[in-house]
Amino acid sequence: MSALPISPMPQRSFEDVRTSLTKEGFKRDFLNNLFYLQGKFPALASRNDYYMALAYTVRDRLLQRWISTAAAYTRLGSRTVAYLSAEFLLGPHLGNNLINLGIYPLARQAIRELGLTFEELLAKEEEPGLGNGGLGRLAACFLDSLATLEIPTLGYGIRYEFGIFAQDLIDGWQVERTDKWLRYGNPWELPRPEWAVVVKLGGHVEHGHDETGRSRARWIAEQQVVGVPYDTPILGYQNNTANTLRLWRAEAPESFDLGVFNRGDYYGAVQSKVFSENITKILYPNDEQIQGKELRLEQQYFFVSCSLQDMLRIMRGQEIPLEQFHEKFAVQLNDTHPAVAIAELMRLLVDEEGLDWEKAWSITQKTFAYTNHTLLPEALERWPLGMFGKILPRHLEIIYEINAQFLGEVRTRFPGDDDKVARLSLIDECGERYVRMAHLACVGSHAVNGVAELHSELLKRDVLADFHALSPEKFNNKTNGVTPRRWLALCNPRLTKFISSVIGDGWIKDLSELRRLEPFVEDAGFRREWRFIKRSVKEDFVTYAYRATGIGIDPATLFDVQVKRIHEYKRQHLNVLHIVTLYNRLKSNPNLDLPARTFVFGGKAAPGYHMAKLMIKLITSVGEVINKDPAVRDRLKVVFLPNYNVTNGQRVYPASDLSEQISTAGKEASGTGNMKFSMNGALTIGTLDGANVEIREEVGAENFFLFGLTIEEVNALWAKGYDPMGIYQANAELREALDLIRSGHFSRGDGELFRPLVDSLLYSDPYLLLADYQAYVDCQDRVGQTYCNPELWTRMAILNVARMGKFSSDRSIQEYCDDIWQVESVPVQILTQDEVRDGLLQ
């Protein structure tokens with residue numbers, strides 16, 4: 001790497017050096033940070049040192065906005081959104097912050113003039129491993145939009161020491177590796193130990209009376225854990241707002257017991273430290289064992305207790321009366337993981353602050369709103385009663401009281417309907433007793449929303465039907481969206497530049513402006529340039545895919561892509577059945593007129609989900625055979641990208657031609673990958689599930705490849721009796737594909753390896769692969785025919801992009817603000833150096 005020029009640095013003002021948006025000012029600050037923060041000079045500096053210096057240089061420009069934002073919110077006592085989420089799948093910060101600051105080209109040029117490779121430094125950033133999939137990525141998109149719309153916001157979550165595991169593929173099997181995302185430090189966060197709080201766990205409850213004779217509960221905890229906040233600025237797009245993501249790290253009150261150590265018990269001396277730090281050690285511990293379940297509950301309670309205590313601290317600092325808690329904060333529960341916050345706020349208000357129950361309950365219900373993210377009953381969290389009471393004894397008492405009062409209201413409304421009472425109860429009394437967290441969220445919130453129109457209707461009709469019947473006014477829909485800053489402007493710079501050259505760059509902040517592209521669909525020169533850009537992006541992807549997998553692919557082939565969490569309901573194995581069907585057709589007729597395809601997969605299986613891991617093995621095994629077969633390898637390729645994450649997603653979405661959104665109708669809540677693909681010009685093959693329905697409505701049925709049973713047809717099929725074996729026996733191509741898999745052809749002669757998958761399809765098929773197989777294959781035939789007409793395909797791709805305005809997370813957030821949170825934007829003025837100094841002197 002080239003040596004950096006070193007020259008004497010003149011004294012510069014706060015404004016010039018730390019916040020300058022000129023190229024020379026940026027270069028000076030970069031060198032300052034290399035020397036004074038990294039403690040390195042060029043001869044000794046590593047690429048990571050250069051990355052850290054660059055990150056600190058960008059952070060300097062964030063901090064001015066961050067401090068200005070905090071000052072404005074504090075001065076105004078602004079109503080604030082508190083977004084509680086167990087996951088924030090942020091992706092790398094550096095590129096996104098450069099885009100939002102509007103200095104991406106300036107920074108790139110400055111770094112190049114210093115003799116460094118800008119792209120190498122971008123690639124050095126460790127991706128924060130704070131999320132698993134769509135839930136966490138949605139939370140990250142929402143934070144971006146909240147800041148862009150200038151909405152006062154605090155995101156609250158967990159600072160996992162080890163994030164979602166890193167995925168290796170060994171002999172085609174997923175192998176989990178520890179995700180050490182913090183190994184080199186995190187330049188984007190600032191610890192705030194002075195705002196640490198204490199969280200209780202375990203123990204018992206004592207009841208008595210205070211000096212006024214009122215009943216009081218006193219929780220005598222068995223364990224105490226300290227929650228230390230780490231703050232990360234979240235920058236809005238080209239404005240002065242920088243909101244805060246506050247993540248909590250668990251520490252022991254005393255990390256080292258000297259007395260125990262001196263008695264020779266060296267392990268006992270650090271036992272408290274080990275117990276406490278385990279709480280925030282890893283994202284989603286395997287909960288097959290009771291210890292894993294306990295740790296998950298401890299994680300969830302830990303971060304919501306820390307967060308609510310932090311909100312109370314903010315209110316005291318701004319001298320806001322406790323009775324106005326719900327006026328100061330609009331707290332959004334991102335799925336059921338933070339639902340225990342309802343019981344915790346009641347505990348804080350009643351036990352710690354001395355409010356009476358009725359007043360506290362009124363505040364609590366007005367404070368919380370709940371987003372449901374699933375239609376799968378097994379994903380609606382329930383905790384065994386005994387375990388819950390062991391960890392949170394006071395909260396169990398509070399939930400019992402909430403339930404008693406709630407069920408009293410139900411009995412008044414529906415006298416004699418014991419079945420309804422049982423269905424609505426916060427406690428599941430069938431067999432082993434459980435606490436139903438989704439029920440607690442519904443009862444304790446003033447609003448409940450789904451994340452796509454179909455999903456919200458199914459919640460009201462099926463999953464939460466009794467709650468909807470009881471309180472229909474609570475229920476509403478907020479279709480998900482994604483931020484166009486990361487998912488188009490950052491990840492697809494060539495297309496971004498081309499679009500902006502035609503319609504300006506206002507679409508980055510108002511995605512509906514993409515509609516102005518529609519007239520250009522008739523311009524042959526525009527379509528030709530569109531295809532040229534797509535080809536160049538695909539060529540970049542070819543390089544990345546070869547580096548990641550060792551498999552060479554042809555950019556002229558149709559890139560058929562399915563990247564998402566591996567799960568049976570997402571039906572990656574239906575995709576595989578189509579691949580095997582094409583393989584069989586080509587083996588039978590080598591002259592068959594089919595467009596060459598590259599099938600790209602990516603995604604992680606939960607560590608304890610054996611069937612999903614077997615699906616990964618099936619994909620890689622089919623790929624191993626097809627990619628080596630000289631008869632077909634120039635016509636078909638199968639690639640599984642290891643360790644799929646946000647960084648890799650930024651490479652995949654722009655290069656894709658076809659987006660696979662093929663879940664069983666009624667199983668996917670929304671999906672957001674479908675939006676990212678379409679936003680980058682991929683066409684969708686999909687079912688009428690989740691947000692697919694709305695995407696098809698927006699882009700036009702003629703620009704969407706639809707197949708499969710509808711939710712009504714799915715229900716009717718189950719009602720009359722579904723016979724997958726009958727479909728297998730009646731469909732020759734399906735039978736040939738499944739027989740080839742179970743023959744051992746793709747498993748080196750081992751006919752038993754994939755038997756669990758094949759038997760599941762033949763004897764139960766819970767996600768109706770075989771029922772949708774023929775419709776899917778026929779639809780894929782239409783895809784192939786369309787791809788052979790480049791002009792038609794390009795028209796469809798352009799219209800997909802032009803009609804994606806609805807699916808910006810900015811639109812989603814504005815709807816939350818208007819309909820649920822009742823919160824308004826607060827424009828921020830940058831504090832000058834004099835104002836900062838004056839503030840210090842006050």
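Biologist: How many disulfides does a search of the whole structure find?
Modeller: It finds 0 disulfides, taking a disulfide as a pair of cysteine sulfur atoms within 2.5 Å. Keep in mind that this is a predicted model, where local features need pLDDT of at least 70, side-chain atom pairs count only at pLDDT 80 or more, and totals for chains, interfaces and linings use all residues. Residues are numbered from 1 along each chain as its sequence is written, and side-chain values use heavy atoms, with hydrogens and water left out.

Biologist: OK, helices. At what angle do α23 and α32 cross?
Modeller: Roughly 55 degrees, with the axes of α23 (residues 572–588) and α32 (residues 769–787) coming within 10 Å. That makes α23 oblique to α32. Helices (H or I, at least four residues) and strands (E, at least two) are DSSP runs, numbered from the N terminus. Axes are lines fitted to C-alpha atoms, for helices over the stretch in contact, and angles run from 0 to 180 degrees between N-to-C directions. Under 35 degrees counts as roughly parallel, over 145 as roughly antiparallel, 65 to 115 as roughly perpendicular, and the rest as oblique.

Biologist: Is that crossing left-handed or right-handed?
Modeller: The crossing of α23 and α32 is right-handed. A crossing is right-handed if the near helix is turned clockwise from the far one by less than a right angle, and left-handed if anticlockwise.

Biologist: Which residues in α23 meet α32?
Modeller: On α23 they are H573, L574, N575, L577, H578, T581 and R585, and they meet L769, L770, Y773, Y776, V777, Q780 and D781 in α32. Contact means heavy atoms within 4.5 Å. By class, the contact of α23 with α32 has 7 nonpolar, 5 polar and 2 charged residues. Nonpolar covers Ala, Val, Leu, Ile, Met, Phe, Trp, Tyr, Cys and Pro, charged covers Asp, Glu, Lys and Arg, and the others, Gly among them, are polar.

Biologist: How do α23 and α24 cross?
Modeller: Their axes come within 10 Å and cross at roughly 20 degrees, α24 being residues 610–628. That makes α23 roughly parallel to α24. α23 passes α24 in a left-handed crossing. The residues of the contact of α23 with α24 divide into 10 nonpolar, 2 polar and no charged.

Biologist: Switching to α4, how many of its residues are buried?
Modeller: 8 of the 8 residues in α4 (residues 94–101) are buried. What covers them includes α3, α7 and β9. Just after α4, G102 takes a positive phi of about 80 degrees.

Biologist: Where does Q238 lie?
Modeller: Q238 is in the loop between β9 and β10. Its phi is positive, about 45 degrees, although Q238 is not a glycine. Q238 counts as partly exposed, at 46% relative accessibility.

Biologist: And D335, buried or exposed?
Modeller: D335 is buried, with a relative accessible area of 8%. D335 lies in the loop between β11 and α12, and has a positive phi of about 75 degrees although it is not a glycine.

Note on methods
Buried < 20%, exposed > 50% of the residue type's maximum accessible area, 1.4 Å probe, protein only.
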